[in-house]
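Open the model in your viewer and follow the selections below in order. Each stop says what to select and what is found there.

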Amino acid sequence: MKVIAHRGYSGRYPENTMLAFEKAVEAGCDAIEMDVQLTKDGEVVVIHDERIDRTTDGTGFVKDYTAGELQRFNAAKLFPHITEFQHIPTFDEYCSWAKQAGIETNIEIKTGIYYYEDIEKKTLDIIRRHGLEDKVMFSSFNHVSLIRIRELMPEAVCGALIGKMGIGNAGYYCSVNGFSCYHPDYEGLTREMVENCRQYGIRLNVWTVNSMEGLEQLHDWGCEGIITNYPGVAKRWLLGGEK
């Protein structure tokens, strides 16, 4: 079972920052999950929320700032004990680092509130420029974005993100839409959903798993991956707990 670091090592470091990504790799994660959006000047940047208010010392929408303007805000707002300035990374910066780190990446396309123009193509162009095609997968709550990714890169691995309600026949749903993976909320996942995914050969990467109970249950169910804020804790348990 792979340990996928949710926005990097976000339980201990500012989410979606280079610091959180570096610490996740140091902790032994198998992959990093992160989010991309578009700026006013059409640059792909790494941030979860459509607004910058929650995680930075700024305010307003990502789409209303240029990439240069965004990088002036400190993205360590939720971790006041971290005194070193943490900027919002560009996706190009992340990919340059990920190439050297040799880490796999789960890229969430954030098109649920704003359908950013050409974000799928822009993201793929950066991935191809860094030669990371075989080191990435894509997820989104907006499954139209995943279909667009598959149109632009037919070999792309895509995972359908779903909230707590889930989809009862998720395996069938993913198979008919060309999605290799199902990414459900742990709280809504049932054994029946897992079995339906098994029936159709769909892999499960489950979010956000921060409890030992969840870790043990998903391991027992044979899920392929967990997305967690605490990759170091999960990795240590798996290395010591697998039979």
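Predicted model: local features only at pLDDT ≥ 70, side-chain atom pairs only at ≥ 80, totals over all residues.

**Stop 1**

Beyond the residues within four places of it in sequence, Y94 is in contact with M18, F21, I32, M34, V46, I103 and T105.

Now widen the selection to the largest nonpolar core, which has 57 residues. Y94 is among those with the most contacts inside this core, together with I32, F91, F138, Y182 and L189. Colour helix α3, residues 91-101, next: α3 gives the most to this core, with five residues.

Another core lies apart from the largest one. It has 10 residues, and V62, A67, L70 and F73 are among them.

**Stop 2: α3 against α4**

The axes of the two helices come within 10 Å and cross at roughly 30°. Because angles under 35 degrees count as roughly parallel, α3 is roughly parallel to α4. The crossing of α3 past α4 is right-handed.

Show side chains at the contact. From α3, select F91, D92 and C95; from α4, select T123, I126, I127 and R129. By type, the residues of this contact are four nonpolar, one polar and two charged. F91 also belongs to the group with the most contacts inside the largest core.

**Stop 3: α4 against α5**

Helix α4 covers residues 119-129 and helix α5 residues 143-152. They pack at an angle of about 45°, with their axes 10 Å apart, and that makes α4 oblique to α5. Here too the crossing is right-handed, as α4 passes α5.

On the α4 side, pick E120, K121, L124 and R128, which meet S145, R148, I149 and L152 of α5. The residues of this contact divide into three nonpolar, one polar and four charged.

**Stop 4: I109**

Which strand holds I109? Select β4, residues 104-109, and I109 is in it. Is I109 buried or exposed? Its relative accessible area is 1%, and buried means under 20%, so I109 is buried.

Display what surrounds I109. Not counting residues up to four places away in sequence, I109 touches V36, I119, T123, F138, S139, S140 and S145.

Finally, draw a distance from the C-alpha of I109 to that of Q71. These residues are 38 apart in sequence and 20 Å apart in space.

Notes: Residues numbered from 1 in each chain as written. Heavy atoms only, no water. Axes fitted to C-alpha atoms, helices over the stretch in contact; angles between N-to-C directions. Helix = DSSP H or I, 4+ residues; strand = E, 2+ residues; numbered from the N terminus. Parallel < 35°, antiparallel > 145°, perpendicular 65-115°, else oblique. Left-handed = near helix turned anticlockwise from the far one by under 90°. Contact = heavy atoms within 4.5 Å. Nonpolar A, V, L, I, M, F, W, Y, C, P; charged D, E, K, R; others polar. Core = buried A, V, L, I, M, F, W, Y, C linked by side-chain atoms within 4.5 Å. Buried < 20%, exposed > 50% of the residue type's maximum accessible area, 1.4 Å probe, protein only.
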